[in-house]
Amino acid sequence: MLERVLQEIRGRRRFVVTSHARPDGDGIGSALACGQILRVMGKEAEVVMHDGVPRIYQNLPFADRVVQADVVPENDAVILLECDSVQRTQLAGLENCFLINIDHHASGRNFANINWIDSAVMATAELVFRLARLACVPVDRDIATCLYTALMTDTGSFMFVGTNEHTFTVARELVLAGADPALCARHIYFGHSTAKMRLLGAALSNLHREGPLAWIWVTQEQMTRLGAREEDCEGLVNYALSIDDVQVAIFFRELPDQRFRVSLRSKGEVNVSTVAESFGGGGHKCASGCSIDGPLAMAVSRIVERLRAESESLKAD
Ligand code: 5GP
């Protein structure tokens with residue numbers, strides 16, 4: 001499929017590269033690297049994101065060139081990274097474009113004209129890296145920095161289940177190509193806003209425990225009062241998962257329309273992607289997300305019940 005992707009790229013000139021709304025490190029890093037790879041191949045390439053670049057990724061090479069838009073600009077093809085549908089991008093106008101879908105989610109879907117989905121890799125960045133190599137594009141320090149940051153974030157700093165010797169081989173190649181691990185980590189893990197830390201405090205003061213489950217939430221009122229943005233919610237769920245006897249952690253973020261965004265994280269025994277999928281979301285076995293109707297108590301009980309139905313280990317208390 002990689003050969004087919006390259007063939008379709010070679011036959012076209014003007015590209016838009018995008019990822020999902022509220023992009024994470026893999027979405028941003030892969031898109032920035034992919035855009036540059038296309039430019040080195042002599043193509044016109046614009047990286048377009050519905051939500052722009054979150055603060056912690058703004059130091060990445062090429063981040064300042066990202067276009068924030070609601071509608072896809074004119075193009076010969078759009079490359080969608082990390083998306084299971086055109087809707088995930090929140091960009092309008094994709095229906096009539098030639099679409100190339102590159103993804104590593106097990107819940108990925110064949111919605112595009114060309115679909116390269118490989119759930120064996122830990123990050124879409126690895127697929128973009130393969131694309132660069134097959135296209136004979138030299139992976140320089142800037143491209144390597146984007147790809148390494150994507151790999152680092154999607155593996156939870158090389159800690160998530162699935163991280164293996166191969167992951168480190170890819171990381172090593174990216175470091176050899178010029179990525180600086182300490183510098184990449186610094187921007188991500190030591191680049192937070194004060195508002196995010198205050199929001200973390202608010203979320204943790206809402207920590208709720210039930211057997212091997214833990215959940216936290218933030219309300220619209222808290223976010224407004226603390227001056228926090230949507231992107232400040234990224235990663236908060238991991239603090240709940242960091243508790244010794246917690247197997248699954250859930251984060252609820254109230255949306256302006258009374259619905260809730262849900263982030264699910266598992267230490268490995270429970271597959272949270274099937275739970276997210278049953279509410280119309282998706283993701284990975286250990287990290288997934290969905291949206292659900294409020295009020296909060298209802299949202300919590302529906303998710304918790306679905307989790308319990310999913311796993312025997314969550315029933316024991
Ligand atoms: P997060 O909880 O950080 O928003 O997402 C965790 C993982 O689940 C990511 O890989 C993300 O792409 C995926 N994910 C989150 N929300 C959704 C959703 O609504 N639909 C799909 N298909 N995947 C999602």
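This is a predicted model: local features need pLDDT of at least 70, side-chain atom pairs count only at pLDDT 80 or more; totals for chains, interfaces and linings use all residues.
**Entry 1: the ligand shell**

I started with the residues around the ligand. The shell holds 15 residues, and Asp84, His105, Arg261, Ser263 and Arg265 come nearest. I then sorted the shell by class and got two nonpolar, eight polar and five charged residues.

Next I looked up which elements supply the shell. Those giving two or more residues are β10 (260-266), β11 (282-283) and β12 (287-292). I noted that β12 gives the largest share, with four residues.

I also checked the domains. Domain 1 (2-189) and domain 2 (194-316) both contribute residues to this shell, so the ligand lies between them.

**Entry 2: polar contacts and burial of the ligand**

For His105 I found a polar side-chain atom 2.8 Å from an oxygen atom of the ligand.

How much of the ligand does the protein bury? I read an exposed area of 490 Å² for the ligand taken alone, and the protein buries 87% of that.

**Entry 3: the cavity**

I turned to empty space inside the protein. Rolling a probe the size of a water molecule over the atoms shows where such space is left. I counted one cavity of 30 Å³ or more. The largest cavity holds about 70 Å³ of space.

Which residues line the largest cavity? I wrote down Pro54, Arg55, Ile56, His192, Ser193, Lys196, Glu231, Asp232 and Glu234. By class, the lining has two nonpolar, two polar and five charged residues.

I took the second largest pocket next and read a volume of about 170 Å³. Its lining has 14 residues, and Pro61, Thr145, Leu183, Cys184 and His187 lie nearest the centre of the pocket. Two or more lining residues come from each of α4 (141-154) and α6 (181-189).

**Entry 4: backbone details**

I checked the backbone for a cis peptide bond and found one joining Gly294 and Pro295, with omega at about 0 degrees. Pro295 is in the loop between β12 and α11 (296-310). I recall β12 from the first entry as the element with the largest share of the ligand shell.

I also looked at phi angles. Arg22 is not a glycine, yet its phi is positive, at about 45 degrees. I placed Arg22 in the loop between β1 (14-19) and α2 (25-40).

How values were computed:
Residues are numbered from 1 along each chain as its sequence is written. Side-chain values use heavy atoms; hydrogens and water are left out. A residue is near a molecule or strand if one of its heavy atoms lies within 4 Å of it. A polar contact is a pair of N or O atoms within 3.5 Å; within protein, one must be able to donate a hydrogen and the other to accept it, and residues adjacent in sequence count only if both atoms are side-chain atoms. Accessible areas come from the Shrake-Rupley method with a 1.4 Å probe; for residues, only the protein chains shown count as cover. Ala, Val, Leu, Ile, Met, Phe, Trp, Tyr, Cys and Pro count as nonpolar, Asp, Glu, Lys and Arg as charged, and the others, Gly among them, as polar. Domain bounds come from an automatic or database domain assignment. On a 1 Å grid over the protein atoms alone, a cavity is a set of points where a 1.4 Å probe fits but cannot get out, and a pocket is an open set with protein on both sides within 12 Å along at least five of seven lines; lining residues have an atom within 4 Å of a point. Grid points are joined across faces, edges and corners, and a volume is the space filled by probe spheres set on the points.
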